[in-house]
Amino acid sequence: MLKYANPTNFLTLAAKLLPWLGAATAALFAFGLYLGFFVAPADAVQGEIFRIMYIHVPAAWLAMLGYVAMAGSALGTLVWRHPLADVAQKAAAPLGAAFTFVCLVTGSLWGKPTWGTWWVWDPRLTSVLVLFIMYLGLIALWQTIEDPGRAARAAAILTLVGIVNIPIIKFSVDWNSLHQGESVFRAGGSTIYPTMLWPLLVMAVAFTLLFVTLLIMSMRNEILRRRVRRLSLLAADLAR
Amino acid sequence: MTRKGRRLALIGSAVGLMALAVGLILFALKDNIVFFYAPAELAEKGVQPGTRLRIGGLVKQGTVERAPGKPISFTVTDNVKDVAVTYDGLLPDLFREGQGVVVEGVLETKDTFRADSVLAKHDETYMPREVADALKKQGLWRGGTAQNGPPTTQSQGSP
Amino acid sequence: MRGALAALFWREIAIARRIGGAGALGLVFFLILVTIAPFAVGPDLALLARIGPALMWIGALLATLLGLDRLFQADQEDGSLDVLITCDVPLELVVATKCLAHWAMTGLPLVIASPLLGLMLAIDGVTLAAVALTLLVGTPALTFIGAIGAALTVSLRRGGLLMAILVLPFAVPILIFGTSAAAAAAGGSVPFATPFLVLCGLALFALAASPFAAAAALREIDA
């Protein structure tokens, strides 16, 4: 396992894994979307519109999971000074931002017909918006600090400070929010009827695979980009 | 004190302060800082008329009145206390008797409320139509569409 | 150690005063914000009184952040930051001292001036006192949180805007409970003490935690 922490070995592994991961992601997405949009019955109260949850909920989970993964990489950067952790951190930020954005947009599209408003400043919505802004801030930090090592350490510290937002998002629905409470991971079992829950779980796995696939691709690109950077610095040195 | 000892003392006092802070926050948050209030909480806290706030609860069965040219009126209840709400505007599709609702506006007297926006609140349960009908037959259904005829936005799903 | 920190505190104050005072500038900025708000809102004193506390909080937030990007930068440019990092006094306490000095020169004047400016926004007496009290508790927390951003952007020539973007999400809870405490004093649905206690807790947390994050950032980035 440790062998693949070396960037070169990681590239070899990525080249081997990516086709399989990509195929599995596509297959699971097709299966999950089919289940969600054609097999699952309409909700008794919301009707067909509830199907947005098959995109919205996995996107929200990945938005948070992406942040936690990024915080894990941040520890890798600060504690073990591992170059691959730097790369993982940098690659995860835009992905997390994208998933958060999907979560916000689908939520808004669902909110208009069900709640009667596109947006409301409820604790859950606000805390997820703050998560989105944090992702954007991290991306901005990565882009502004030129030296990659220094950027990684700065981003790592900011990421670890921002982790306070994750429990706030999780528990925000307990403060009389407009957003409904937790339906899946709760004491006493899920409140989603099984025929509607299964497609959601399939979609969650599909989204996770998508995230992993994109993360590996993005990390590969970042490693290559760093090599190009190093080579061009070297070339400039030699030309002098 | 040695350098290491001093560092430990520093971290220790910071952690102590943070624990105190978290305790303070949790203690105060328990006293309900919330997005909306339930009708019973209004009475309990003695909220003065004229205050802007949000109230959440269920739309009481059989209280929705729509007369042409007049504001819509209905009662929001938490099964303990009721608040009479008037509202002039468009209601969300999911607004139904027995369903959850959050209204934003001004408390006019102790138990009347003038809303300027009405939001439907959906709970965390999802179930197919047939299951809901079966639950209704058994009398276990607690919200929704029971007396109000077929809801407008709904269509039957695939099996 | 105490002597060293006190010396650092007075050094910061002296520098701030000699440069013509970021504090005075912050105060003028605050005044301008309060002046333009009524023109943006229109001639409606009742509305102005209702949103007044929120306006003052936003003004205080921006005025605090605007001056903060230089918190460590000047020290980095003349090399004294390296001395501060390597000296025997814990860097966390150095950061906290610098923040306190910065707050005394920018935040404190805002708090003292807030009742006067509040009068111009048609805020009544009780609410004015509440706004001043919430600002007194909230502005140090904003300075301390801002210090994290200032430390992260210490090596950047034009870090001001980036710093605001990095820091503002963390200021959101302080702003929420600061304004809701001020609103509660004006006659809301909760007693003043409830949101105010949360604000105190948040401020305390920021005061205890931020110096560690800022110090870590300084060590990691300046290394």
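Me: What are the ground rules for numbering and confidence here?
Reply: Residues count from 1 along each chain as its sequence is written, and chains are lettered from A, with ligands numbered from 1, in the order in which they are written. The model is predicted, with local features needing pLDDT of at least 70 and side-chain atom pairs counting only at pLDDT 80 or more, while totals for chains, interfaces and linings use all residues.

Me: What ipTM and pTM does the complex get?
Reply: The predictor gives an ipTM of 0.87 and a pTM of 0.87.

Me: And what is the mean pLDDT of chain C?
Reply: Chain C averages 87, and 96% of its residues score at least 70. pLDDT is the predictor's confidence in each residue, from 0 to 100.

Me: Where in chain C is confidence lowest, and where highest?
Reply: Lowest in helix α2 (residues 22-41) of chain C, at a mean of 82. Highest in helix α7 (residues 125-152) of chain C, at 93. Helices (H or I, at least four residues) and strands (E, at least two) are DSSP runs, numbered from the N terminus.

Me: How does chain B score?
Reply: Its mean pLDDT is 77, and 83% of its residues reach 70 or more. Helix α3 (residues 129-137) of chain B has the lowest confidence, at a mean of 76, and strand β3 (residues 82-87) of chain B the highest, at 89.

Me: Where does pLDDT stay under 50 in chain B?
Reply: Over residues 143-159 of chain B. The model has 37 contacts beyond four places in sequence for that stretch. Two residues are in contact if their C-beta atoms, placed from the backbone, lie within 7 Å.

Me: Which domains does chain B have?
Reply: Domain 1 (1-31) and domain 2 (39-137). Those bounds come from an automatic or database domain assignment. The domain centres of chain B, taken over C-alpha atoms, are 44 Å apart.

Me: Switching to chain A. How many helices and strands?
Reply: Seven helices and zero strands. Its C-alpha atoms fill a box of roughly 70 × 35 × 30 Å along the principal axes.

Me: How do α3(A) and α4(A) pack?
Reply: Helix α3 (residues 83-114) of chain A and α4(A) pack at about 150°, axes 9 Å apart. That makes α3(A) roughly antiparallel to α4(A). Axes are lines fitted to C-alpha atoms, for helices over the stretch in contact, and angles run from 0 to 180 degrees between N-to-C directions. Under 35 degrees counts as roughly parallel, over 145 as roughly antiparallel, 65 to 115 as roughly perpendicular and the rest as oblique.

Me: Which residue classes are in that contact?
Reply: The contact of α3(A) with α4(A) has 15 nonpolar, two polar and one charged residues. Ala, Val, Leu, Ile, Met, Phe, Trp, Tyr, Cys and Pro count as nonpolar, Asp, Glu, Lys and Arg as charged, and the others, Gly among them, as polar.

Me: What about α4(A) and α5(A)?
Reply: Their axes come within 9 Å and cross at roughly 165°. So α4(A) is roughly antiparallel to α5(A). In α4(A), A:M134, A:L138, A:L141 and A:W142 meet residues of α5(A), including A:A151 and A:L158. The residues of this contact divide into eight nonpolar, two polar and no charged.

Me: How many residues of chain A are in contact with chain C?
Reply: 14 residues of chain A, against 13 of chain C. α4 (123-144) and α5 (148-162) of chain A each supply at least two residues of that side of chain A. α4(A) gives the most, with seven residues.

Me: Which classes make up that side of chain A?
Reply: 10 nonpolar, two polar and two charged residues.
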